[in-house]
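Please look over the structure below. This report walks through its metal site, its ligand contacts and its strands.

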Amino acid sequence: MIQKSIHILSIESSCDDTGAAVLKNKKVLSNVIAGQKIHAAYGGVVPELASRAHQQHIVPVVDQALKQAGIDKEQLDAIAFTQGPGLMGSLLVGTSFAKSLSISLEIPLIPVNHMQAHVLAHFIEDESQIEPPFPFLCLTISGGHTQILKVRAYDNFEILGETIDDAVGEAFDKTAKLLGLPYPGGPLIDKLARLGNPGAFLFSEPKTDNPLDFSFSGFKTSILYFLQKEQKKDPSFIENNLNDICASVQHSIVNILMNRLKKASEITGIDHVAIAGGVSANSEIRETLKTMETELGWHTYIPKFEYTTDNAAMIGITAYFKYLDKNFGKESVVATSRLDINA
Ligand code: KG4
Ligand code: ZN
């Protein structure tokens, strides 16, 4: 029997990127993203400005996604959107747009959990990606989350460890702010770290009751105190040592992440290990994980760069699995700023 191809238009608007993608089954036909530069001047995302920018971007972004995919909206089988977690004002723009479009086209509406989508981005059919087999471990690291998950199935996630305060993306972004770098600081720290010495300065690893949990708020404070102390001795300490500071902070963060991940693998006996989320774009994390293949015999899964930070293709692949299960949303479905990983 020849199976009909499923075309899904997906929309992502959980934070400060407006995304739209069209998938044909598990393949991406288009993946359009409009960022919002306006937040850089404020040192972080301003929710009010983010929702306004989503309203400006959503129509042209969806239009472009359909054009690039070369399909007509009448050929779509379903409309998917990010239901949460995220900023309420931002989520509402995507939710309302997706609902209206699905009602007017008389096709199913599929609400998607943003954090599940980061993980399931690994299942997008792409020559540069390999699908991890179940169960696998996934270190999900973004601006809002830091979790080690045992992924049993497309819809079954066990949290083995998570942050008890700040997310790792916040640790990158807040450190960047202390160094006078613009938002989002993660990619900039990554770039400058390549020019510095990772062993120049030492930052200690925060302790947690559960050995698989993370804590980044004390880590950030220790960097603040370190910088204040050094600046008393040399007011130009930051500018004179910027690359070394970035390299040392990043190296400490990577060590914290990898130590927990190694423990999780030891405890569970699972050696298929993936990373996901915006921070998994970090070059040192990607390189270090790769070395685990030879060091520990792990099978590692590193997402294609464009599927790491927020994007609509990951919403589309998650929606595809829900479509196969006929797991559709009602017209009364609402956006939710907090959403459990299994919801
Ligand atoms: O997944 P994402 O795009 O949005 C959320 O769902 O939060 O993640 C954004 C986070 C930001 O904190 C950003 O600084 C960080 O990912 N990030 C990076 C890199 N690229 C993005 N952090 C470190 N190194 C990078 N190359
Ligand atoms: Zn995200």
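Are His-114 and Asp-310 buried or exposed? Both residues are buried. Keep in mind that this is a predicted model.

**The zinc site**

Start with the metal. Three residues coordinate the zinc ion (ligand 2): His-114 through NE2, His-118 through NE2 and Asp-310 through OD. The distances run from 2.0 to 2.1 Å. Along the chain, the donors are spaced as H-x3-H-x191-D. His-114 sits in helix H3 (residues 114–120), while Asp-310 belongs to the loop between strand S10 (299–301) and H9, so this pair ties together parts that lie 196 residues apart in sequence.

**Around ligand 1**

Ligand 1 has 18 residues around it. Those that come nearest are Gly-143, Asp-173, Asp-190, Gly-278 and Asp-310. Asp-310 is also a zinc donor, through OD.

| Residue | Atom of the residue | Atom of ligand 1 | Distance |
|---|---|---|---|
| Gly-143 | polar backbone atom | oxygen | 2.8 Å |
| Asp-173 | N or O atom in the side chain | oxygen | 2.6 Å |
| Asn-282 | polar side-chain atom | nitrogen | 3.0 Å |

**The five-stranded sheet**

Now the sheet. Five strands make up an open sheet with mixed pairing, in the order S3-S2-S1-S4-S5. Its edges are strand S3 (27–34) and strand S5 (109–113), each of which pairs on one side only. On average, neighbouring strands are turned by 20 degrees against each other, direction ignored.

How do strands S1 and S2 run, parallel or antiparallel? Strand S1 (residues 7–12) and strand S2 (residues 18–24) run antiparallel, joined by six bridges. Glu-12 has Gly-19 in S2 as its bridge partner.

Two helices pack on this sheet. Helix H2 (residues 88–105) touches S1, strand S4 (78–84) and S5. The direction of H2 makes about 160 degrees with that of S4. Helix H9 (residues 313–324) touches S1, S2, S3, S4 and S5. The direction of H9 makes about 130 degrees with that of S1.

One more strand pair deserves a look. Strand S7 (residues 146–153) pairs with strand S8 (residues 156–162) in the antiparallel sense, over six bridges.

Terms used: Residues numbered from 1 in each chain as written. Chains lettered and ligands numbered in written order. Predicted model: local features only at pLDDT ≥ 70, side-chain atom pairs only at ≥ 80, totals over all residues. Heavy atoms only, no water. Pairing = 2+ DSSP bridges. Helix = DSSP H or I, 4+ residues; strand = E, 2+ residues; numbered from the N terminus. Axes fitted to C-alpha atoms, helices over the stretch in contact; angles between N-to-C directions. Contact = heavy atoms within 4.5 Å. Donors = N, O, S within 2.8 Å, 3.2 Å for Na, K, Ca; no water. Buried < 20%, exposed > 50% of the residue type's maximum accessible area, 1.4 Å probe, protein only. Near = heavy atom within 4 Å. Polar contact = N/O pair within 3.5 Å; in protein donor to acceptor, adjacent residues only side chain to side chain.
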